[in-house]
Amino acid sequence: MKFATLTETETAGKTVLLRVDFNSPIDPASNIILDDKRFREHAPTVQALSDAKCVVLTHQSRPGKKDFTTLEAHAARLERLIGRPVTYIDDIFGRCARGAVEEMEPGDVLMLENVRFSAEENLKMSGEDALGTHLVRNLATMADIYVNDAFGTAHRSQPTIVGLPRAMPAVAGLLMEKEIATLSRVFSGGPRPVTFILGGTKVDDSLDVAANVLSGGIADRVIAVGVVANVFFKAQGIRIGAPSEDLLSTLGYLSEVEKAKDILAKYGDRVILPETVAIRNGDSRDECPVTAIPDLPVLDCGLSSIGPLTDIIRESGTVVLNGPAGVFEDPLFATGTNEILRAASAAEFSVVGGGHTAAVIESMGIDQKFSHISTGGGACIEFLTGKTLPAIEALGESKARFW
Ligand SMILES: Nc1ncnc2c1ncn2[C@@H]1O[C@H](COP(=O)(O)OP(=O)(O)O)[C@@H](O)[C@H]1O
Ligand SMILES: O=C(OP(=O)(O)O)[C@H](O)COP(=O)(O)O
């Protein structure tokens, strides 16, 4: 490994700033955490720091989203999982947070507030620019060592990810190390054909990955489902109906249609889309061809499309999947997601990423059938395109600078 790791680092008695990714599906009405996979995956790293003063830092969601919230519930969930007290403080780097860190004893765990409450953390910037942020300058004075365990956020050039490792000695946590080692092994040449299945809502990330894996020959074909498919439909000149159009507008993805057109122009024969979709009509699920979508929300791929899509998936040697095929939270629109995941689980090599996707897999009880279920969605698929992720690059630079 080109970076230092927690495994090889002495932390006894030190103050450690631990960046995790506890960003999880949450019920916005009750603030209840619906899936704690990321907590379970990070727990060994927190336990490995039981002789240190462990200051935990994470984000939850993004500004503007319904599940962008405070972290009391996250601290309580971590406390339950590690069986030790976790103190939550509603501050990131102000006087309260700094005072609380100063009072810590070895073995204590303190969780700071949602780091994306600091506007700076929501900016994309270089490591050098991040060094100048208030966030990085202050956090770096609060601890001796920075441990980045947030593999799920490793693809973001945000201050805590790319700035902190340049401001202080940084190492990769146990989960970060495990994800990198496993994904490197899994993708050192998976059996062909290789199929990428891109769904969910993060259209910008998914289109970047589609362009990358199609142009580089990493994928033989890309199946688009979920909101990603809606953008491809629009790129083909298909009307997706006012509600789905509004959703794209709200998410800021209308400008992605041009990118989708470009992908279709270059690699159209290797991009596979559902030919029918499911729409919500009152309390029921209706089916329609993509050429006749009414002004009702498109929430899943159509039942008659599932067979052709799963046939292609079953013929694949390697399947890389990120993001659900529909609004699986509503059982009426979960069929596409469930059937596509079931087909993907049968591939010789199957790598899946994404918090929501992993949660569905666990609820279906098929998690053992996949080669690897990553805690990262975007991070996992970007890693598999061969890119050096910003977090990994920053950890490498920290090793050169501090260790
Ligand atoms: N057609 C659709 N319209 C609206 N939302 C969708 C659609 N398809 C999937 N979704 C939503 O995508 C969300 C998950 O997307 P994302 O965060 O990208 O996945 P992951 O966490 O697995 O990476 C789910 O909440 C699901 O309801
Ligand atoms: O959940 C995450 O990404 P993912 O949905 O791609 O797995 C990470 O916490 C990154 O969050 P972001 O995509 O809001 O930067």
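## Burial of two annotated residues

A residue counts as partly exposed when the number of other C-beta atoms within 10 Å of its own falls between the limits for buried, 20 or more, and exposed, 12 or fewer. This is a predicted model. Glu329 has 16 other C-beta atoms within 10 Å, so Glu329 is partly exposed. Thr357 has 26 other C-beta atoms within 10 Å and is therefore buried.

## The annotated binding site

An unreviewed UniProt entry lists Glu329, Gly354, Gly355, His356 and Thr357 under "binding site". Glu329 sits in a loop, between strand 15 (318-322) and helix 13. Thr357 belongs to helix 14 (residues 355-364).

What does Thr357 touch, leaving aside residues up to four places away in sequence? Its contacts are Leu321, Asn322, Gly323, Pro324, Val352 and Gly377.

## Helix 12 against helix 13

Helix 12 spans residues 303-314 and helix 13 spans residues 335-345. Their axes come within 9 Å and cross at roughly 15°. Angles under 35 degrees count as roughly parallel, so helix 12 is roughly parallel to helix 13. The crossing is right-handed.

Helix 12 contributes Leu303, Ile306, Leu309, Thr310, Ile313 and Arg314 to the contact. Helix 13 contributes Thr335, Gly336, Glu339, Ile340, Ala343 and Ala344. Seven of the residues in this contact are nonpolar, three are polar and two are charged.

How values were computed:
Residues are numbered from 1 along each chain as its sequence is written. Chains are lettered from A and ligands numbered from 1 in the order in which they are written. This is a predicted model: local features need pLDDT of at least 70, side-chain atom pairs count only at pLDDT 80 or more; totals for chains, interfaces and linings use all residues. Axes are lines fitted to C-alpha atoms, for helices over the stretch in contact, and angles run from 0 to 180 degrees between N-to-C directions. Helices (H or I, at least four residues) and strands (E, at least two) are DSSP runs, numbered from the N terminus. Angles under 35 degrees count as roughly parallel, over 145 as roughly antiparallel, 65 to 115 as roughly perpendicular and the rest as oblique. A crossing is left-handed if the near helix is turned anticlockwise from the far one by less than a right angle, and right-handed if clockwise. Two residues are in contact if their C-beta atoms, placed from the backbone, lie within 7 Å. Ala, Val, Leu, Ile, Met, Phe, Trp, Tyr, Cys and Pro count as nonpolar, Asp, Glu, Lys and Arg as charged, and the others, Gly among them, as polar. UniProt positions are given in the numbering used here, feature names are shortened, and annotations may be inferred rather than shown by experiment.
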